[in-house]
Amino acid sequence: MSAKISVNLANQGAVINKNIYGHFSEHLGRCIYGGLFVGEDSPIPNKNGMRTDVVEALKHIQVPVLRWPGGCFADEYHWEDGIGPKESRKRMVNTNWGGVVEDNSFGTHEFLELCEQLGCEPYINANVGSGTVREMAEWVEYLNSEGDSTVVKKRWANGRHEPWGVKYWGVGNESWGCGGNMRPEYYADEFRRFNTFCRNYGKNRLYRIACGPNVDDWAWMDGVMKVAGRHCNAITLHYYTVPSGVWEKKGSATEFDTAEYYSTLKHTHKMEKLLKGHLAIMDKYDPKHRVGLIVDEWGTWYEVEPGTNPGFLYQQNTMRDAMVAAINLNIFNSHADRVVMANIAQTVNVLQSVILTDGDQMVKTPTYHVFDLYKAHQDATLLPAEVECAEIEGFRQVTASASEKDGVITMTAANLHADKAEKVLLEIAGCDVKNVTARILTGEIHAKNTFEDQHAVEIAEFTDFTVTEAGIEMNLPGCSVVEVTVRV
C-alpha cells in the first residue's frame, strides 16, 4: 500500500457537532430569490413560496442549520421591513450586492418557514452596523416571547401565535469591515451592550455568537476574546479559498490548469493553520473550552461567470470544489472539540453553492455530493484518523476523517492527486471488519454538472476494495472522494 489510514475504535474523540455541516443564505444575487424562494404564485412547484425541488435536495443532505440574512447584508437589514403584508413592505436597494431592488418579500416569517420545511435550526445574524440595541432586542422578543406585549401582538397579527424559540444569534457580521469598520475592543464593547438586552424567554436560552476575525487577524481574536469572551457562547471565523492566495487574482471557476488546481488545494489547507492559531488565542482566555469556534463563512471564491452581474457572485462548481469541501470538512471534523458549527458560502447560486438554479431547472453541484457522502458524520463520535501518504505541492495527497455512531463506522477520504490513482489501506483496530459498503464521487478535475448535462458528476457505488486481514485495501482514483461504511 502506498498510503495508510489508521483508525482505532477504542480511541474516541469528541462528538462531531452536526452543525459543522451547516449552510449560509444571504440576500445576495439569486441565493434567496429564484434559488430558495420563488413566491406562492410562481409556476415553479413550491410550498408557501419555497422551491420544492431545492427544499427536497437540501433535506436529502440533512442540512442542520441555516444562517441568514447575511453576510454584509445583515448590517443593512432592518427586520421590521420584512414582516406584515408583502405589498406594504419597505423596498430598498441592495447596495452591497448588485444594486438591485430588495422588496423584502422574503423576511423573518418566510425564513423560518423555510427552516421548518428543511427541518433545520435557524441562525440569525442581527444588525449591529446600522441597527440599534432596541431593534435586535425586539427581534428576539418577536421570535421567542410568549408575553402579552405590543411586539408579540404584532407577531400574532402576522399569523403566528406560538413563538419559534430561535436559539442561534450572531451579534453583527464582519464588524471589522462591511459591518462597521470597527476596532476589536470597540466591537467587543458593542457586543456586550447588544448582548445585555437580548433576553431569554421561557425555556429558550440564546446561543450568543460574537463576530470573530477575518483569516489570520490574530489581534481581532485576541481583543474580542479578552473583552467579550466570557459573555459569548461562540465566536466566528471567515476564510475563503482563492486559487492564487491573492484576493485580486481569483481566477476562473472552470478554466484552470493542474498547477492552479494544486495551488487552490494548498491554500485550502491554510484552514488547519488558522484553526490552530485562533484556538490557541481562545485557550488563553477560555482554558476550559466553554466558547466554541464557528467558521460561518468558508468556500471557494472565483471570478463570476462571464456575462453575469459581478455583484451576484455566481460561479460554476467543479470537482476541484469537491476536493476543497472534503479538505475543509475533514479539518473541521478533526477539531470537533472546539469547532461547533460551520456554514459553507453559500447554499444556492452564490460562490461555492451546493445547488444551482435557472428558472425551473436545478443542478446539484459536486460540492453537494460531498455533503451527501459526509452526512453520516453528523453527531457521530470522532475517531481520530492517522494518515500516512506522499505529499503533493506541500500537502498530503490523502485527507481523511472517521467517526462512529450506533455501531456504524464511517470513514471519508479524498485522493487529492489530479489524475493518479492511489492504493490506500484503511486499518481499523478494535473491531472485526466484515460488513463493508462504499460510495464514491470522482471525475476529471474540471468535471461539472450543467443545466444541459445535470448528471455528469454523481455519487456511485464503490467496489474497488478488498477486505483482508490487514484491513480494507482500496484503489482510489485521482480527484475522488469516498465514503466507507463499516457496520460492526
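A residue is termed buried when its relative accessible area is under 20% and exposed when that area is over 50%, with partly exposed residues in between. In the predicted model, Glu110 is buried because its relative accessible area is 7%, which lies under the 20% limit. Its salt-bridge partner is Lys86, the closest N and O atoms being 2.9 Å apart. This pair links distant parts of the chain, since Glu110 belongs to helix H2 (residues 108–118) and Lys86 to the loop between strand S5 (65–68) and strand S6 (92–94), 24 residues apart. Lys86 counts as partly exposed, at 30% relative accessibility.

In total, the structure holds 21 salt bridges. A second example is formed by the side chains of Arg193 and Glu190, with an N to O distance of 3.1 Å. Both residues lie in helix H5 (residues 184–196), and because they are 3 residues apart, about one helical turn separates them. Arg193 counts as partly exposed at 41% relative accessibility, whereas Glu190 counts as buried at 12%.

A further salt bridge joins Lys284 to Asp222, with the closest N and O atoms 2.7 Å apart. Lys284 is located in helix H8 (residues 270–285) and Asp222 in helix H6 (residues 218–228), so the pair ties together parts that are 62 residues apart in sequence. Lys284 is exposed, with a relative accessible area of 53%, while Asp222 counts as partly exposed at 22%. Salt bridges with shared partners also join Glu40, Lys86, Arg89 and Glu110 into one network.

Terms used
Residues numbered from 1 in each chain as written. Predicted model: local features only at pLDDT ≥ 70, side-chain atom pairs only at ≥ 80, totals over all residues. Heavy atoms only, no water. Salt bridge = Lys/Arg side-chain N within 4 Å of Asp/Glu carboxyl O. Helix = DSSP H or I, 4+ residues; strand = E, 2+ residues; numbered from the N terminus. Buried < 20%, exposed > 50% of the residue type's maximum accessible area, 1.4 Å probe, protein only.
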